[in-house]
Amino acid sequence: MEVDIEYLRQRINEALEDILNNDYGENKRMSLEYLDHTITGACDILKIISHSQAVELREPVVRELGKYNK
């Protein structure tokens, strides 16, 4: 199964923007973690993206999560 990585990138960026604009406090952190797990699951469980694509797609999510794990 081939997935359009640009489509996924757009959906992930939209989800990330929604989280950053509408979630607060602990809920924001939990939503970011869920989004991160969703991307990882697309690679590890569903096998619809490669590991390198998962790393690339996770980058902005992990960057935001880093702000909460300091």
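In the predicted model described here, Lys-47 lies in the loop between H2 and H3, where helices (H or I, at least four residues) are DSSP runs numbered from the N terminus. Lys-47 has a positive phi of about 60° although it is not a glycine. Most residues other than glycine have a negative phi. With a relative accessible area of 61%, Lys-47 is exposed; throughout, buried means under 20% relative accessible area, exposed over 50%, and partly exposed in between, for a 1.4 Å probe and protein chains only. Residues are numbered from 1 along each chain as its sequence is written, and side-chain values use heavy atoms, with hydrogens and water left out. Since the model is predicted, local features need pLDDT of at least 70 and side-chain atom pairs count only at pLDDT 80 or more, whereas totals for chains, interfaces and linings use all residues.

The largest nonpolar core has 15 residues, and those with the most contacts inside it are Ile-12, Leu-32, Leu-35, Ile-39, Ile-49, Leu-57 and Val-61; such a core is a set of buried Ala, Val, Leu, Ile, Met, Phe, Trp, Tyr and Cys residues joined through side-chain atoms within 4.5 Å. At least two residues of this core come from each of helix H1 (5-22), helix H2 (25-44) and helix H3 (51-66). In soluble globular proteins, nonpolar side chains tend to be buried together. When neighbours within four places in sequence are left aside, Val-61 is in contact with Ile-12, Leu-16, Leu-32, Leu-35, Asp-36 and Ile-39, contact meaning heavy atoms within 4.5 Å.

Helix H2 has 20 residues and reaches 29 Å from its first C-alpha to its last, which is close to the 28 Å expected at 1.5 Å a residue, the expected span being 1.5 Å times one less than the number of residues. Its buried residues are Lys-28, Arg-29, Ser-31, Leu-32, Leu-35, Asp-36, Ile-39, Gly-41, Ala-42 and Cys-43, and the buried residues of H2 pack against H1 and H3.

Two packed helices are described by the angle between their axes and the distance between the axes. H2 and H3 pack at an angle of about 175°, with their axes 9 Å apart; axes are lines fitted to C-alpha atoms, for helices over the stretch in contact, and angles run from 0 to 180 degrees between N-to-C directions. H2 is therefore roughly antiparallel to H3, given that angles over 145 degrees count as roughly antiparallel, those under 35 as roughly parallel, 65 to 115 as roughly perpendicular and the rest as oblique. On the H2 side the contact is made by Arg-29, Leu-32, Glu-33, Leu-35, Asp-36, Ile-39, Thr-40, Cys-43 and Asp-44, and on the H3 side by His-51, Ala-54, Leu-57, Arg-58, Val-61, Val-62, Glu-64 and Leu-65. By class, this contact of H2 with H3 has nine nonpolar, two polar and six charged residues, where Ala, Val, Leu, Ile, Met, Phe, Trp, Tyr, Cys and Pro count as nonpolar, Asp, Glu, Lys and Arg as charged, and the others, Gly among them, as polar.

The axes of H1 and H3 come within 11 Å and cross at roughly 10°, so that H1 and H3 are roughly parallel to each other. In this pairing, Ile-5, Leu-8, Arg-9, Ile-12, Asn-13, Leu-16 and Leu-20 of H1 meet Gln-53, Glu-56, Leu-57, Pro-60, Val-61 and Glu-64 of H3. The residues of the contact of H1 with H3 divide into eight nonpolar, two polar and three charged. Glu-64, placed in helix H3, counts as buried at 14% relative accessibility; apart from neighbours within four places in sequence, Glu-64 is in contact with Leu-16, Leu-20 and Leu-32.

Val-55, found in helix H3, counts as exposed at 54% relative accessibility, and the C-alpha atoms of Val-55 and Thr-40, 15 residues apart along the chain, are separated by 8.5 Å. Glu-59, likewise found in helix H3, is partly exposed, with a relative accessible area of 48%.
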